[in-house]
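This report describes parts of one protein model and its ligand. Please look at the sequence and the structure before reading on.

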Amino acid sequence: MTGNVEMNFDGKTIGFPTIVGSEGEVGVNITALRNQTGCITLDPGYGNTGSCESAITFIDGEEGILRYRGYDIAELAAKSTFIETSYLLIYGNLPSRAQLVDFSNLLTENQMLHEDMRHLFDGFPPTAHPMAILSAMINAASSYHPNIINKREERFPWHAARLISQVRTIAAYSYRKARGLPTIYPKTTLKYTANFLHMMFSHPGEDIELKPEIVRALDLIFLLHADHEQNCSTSTVRMVASSRANLFASASAGVCALWGPLHGGANQAVLEMLQEIHHEGDDGSKFLAQVKDKTGNRRLMGFGHRVYKNFDPRAVIIKEQCDKVLAQLHKSDPLLDIAKKLEEIALHDDYFVSRKLYPNVDFYSGIIMRAIGIPLDMFTVMFAIGRMPGWIANFKEVMEDPESRIARPRQIYTGPTLRSYKTLDQRG
Ligand code: ACO
């Protein structure tokens with residue numbers, strides 16, 4: 001469905017076509033704006049800017065709705081798995097039984113890193129952040145598969161499977177390398193998330209016990225993070241893909257964007273905040289007072305979201321899972337007590353209520369990962385593993401869009417106007 005919006009520029013009325021999405025969202029197509037008026041739009045942070053049309057994920061932030069390819073996140077969380085959901089995101093529909101078997105086999109066949117890649121891990125210091133290793137290794141992996149560059153459409157299913165499968169192998173290797181532990185190879189008999197836990201925590205000759213509830217909790221974390229429409233990292237992936245860079249290069253850029261504490265790094269920041277509060281013997285109230293005073297520019301990490309302004313539907317699901325995991329592991333966690341206290345106060349405090357700040361998915365996922373034994377600096381890596389199918393789906397959408405152009409925003413220049421070069425002597 002299309003319409004028209006008329007705008008007045010210097011007394012001249014100009015019409016712009018509107019485009020309406022399948023859930024009724026309306027966008028004004030301003031591609032002719034600069035030609036017709038000489039003006040551009042200015043929207044720092046892109047809060048009002050649609051960068052693309054996409055059929056992958058739908059979010060209604062006011063209503064707390066998140067759907068992958070039309071399926072509600074709560075239904076997928078209850079009935080699906082991360083791998084089935086990955087297929088759904090990338091290929092548009094839930095797989096048939098045969099398609100799921102083929103997809104799983106492709107993942108298994110491609111789970112091993114090229115053996116030479118293992119030596120690259122030796123070049124990193126033990127203190128290297130795993131996100132730095134992850135982005136470097138994903139990019140490096142493209143050099144072991146040269147046809148990713150010139151046969152990218154034809155070989156897409158293999159490259160996509162390789163990326164989903166190997167990101168988890170790279171993540172586990174980086175964890176073990178940092179601790180001086182021997183590498184554990186993936187097993188063909190284990191499913192995706194169980195295999196990851198095996199590569200992380202088994203020892204040569206001694207496999208860890210894979211508790212189904214723990215495997216399920218981590219699988220759920222991956223599934224809940226699998227896509228989130230045009231967030232910072234996904235937009236980065238699309239931006240890089242728009243230059244026709246390869247899938248691995250685009251995903252590697254996504255990892256870098258995800259690393260920041262205002263995005264994927266928030267789950268690590270939440271735990272650091274809880275540890276700090278605990279260390280200072282505060283029950284959370286002193287910390288919240290500082291946040292509200294805006295002293296030291298502190299934020300309640302794990303609260304607030306650019307899009308969700310009532311609740312984050314993923315936070316509701318993960319909170320329930322968090323309680324289950326801790327109960328099943330018979331673990332009580334003082335940090336969880338602080339988190340609950342912070343949540344209770346903030347949900348009734350005018351500062352947070354008036355700004356529509358609610359817990360986001362990161363507020364709880366860190367507590368689950370801590371209970372499972374995943375170290376703090378690996379939290380954002382877990383997010384990257386989960387987000388990989390979303391990035392791949394978005395890459396595919398860019399690649400298959402016949403109207404896709406290189407992304408190239410404009411700017412309003414605010415620097416000096418023309419001035420003449422002065423020699424060093426003239427500058428004094
Ligand atoms: N704690 C305290 N105050 C906050 C918080 C917070 N977590 N988030 C926003 N605010 C305040 C801001 O100070 C601002 O207040 P003001 O109007 O008095 O100036 C107001 O709320 C609006 O804030 P913005 O920064 O404009 O909100 P924006 O939509 O740009 O930011 C963001 C969203 C980055 C997620 C922000 O809420 C935040 O920093 N949260 C903490 C980090 C976090 O949890 N990130 C994870 C996001 S979810 C994800 O990536 C999976």
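## Basis

This is a predicted model, in which local features need pLDDT of at least 70 and side-chain atom pairs count only at pLDDT 80 or more, while totals for chains, interfaces and linings use all residues. Residues are numbered from 1 along each chain as its sequence is written, and side-chain values use heavy atoms, without hydrogens and water.

Strands here are DSSP runs of E with at least two residues, numbered from the N terminus; two of them pair if DSSP finds at least two bridges between them. Strand β4 (residues 57-60) runs antiparallel to strand β5 (residues 65-68), with four bridges joining them. One of the bridge pairs is Asp 60 with Ile 65. The two strands, β4 and β5, form a hairpin with four residues between them, and Gly 64 in this turn has a positive phi of about 70°.

β5 is also joined to strand β6 (residues 71-72), antiparallel, by two bridges. Here Tyr 68 is opposite Tyr 71. Two residues separate β5 and β6 in their hairpin, where Arg 69 in the turn has a positive phi of about 50°.

## Ligand site

The ligand is surrounded by 20 residues, counted when a heavy atom lies within 4 Å of the ligand. The closest are Lys 294, Arg 299, Leu 300, Arg 306 and Tyr 351.

Polar contacts are pairs of N or O atoms within 3.5 Å. A polar side-chain atom of Lys 294 is 2.8 Å from a ligand oxygen atom, and a polar side-chain atom of Asn 360 is 2.9 Å from a ligand oxygen atom.

Conventions
A polar contact is a pair of N or O atoms within 3.5 Å; within protein, one must be able to donate a hydrogen and the other to accept it, and residues adjacent in sequence count only if both atoms are side-chain atoms.
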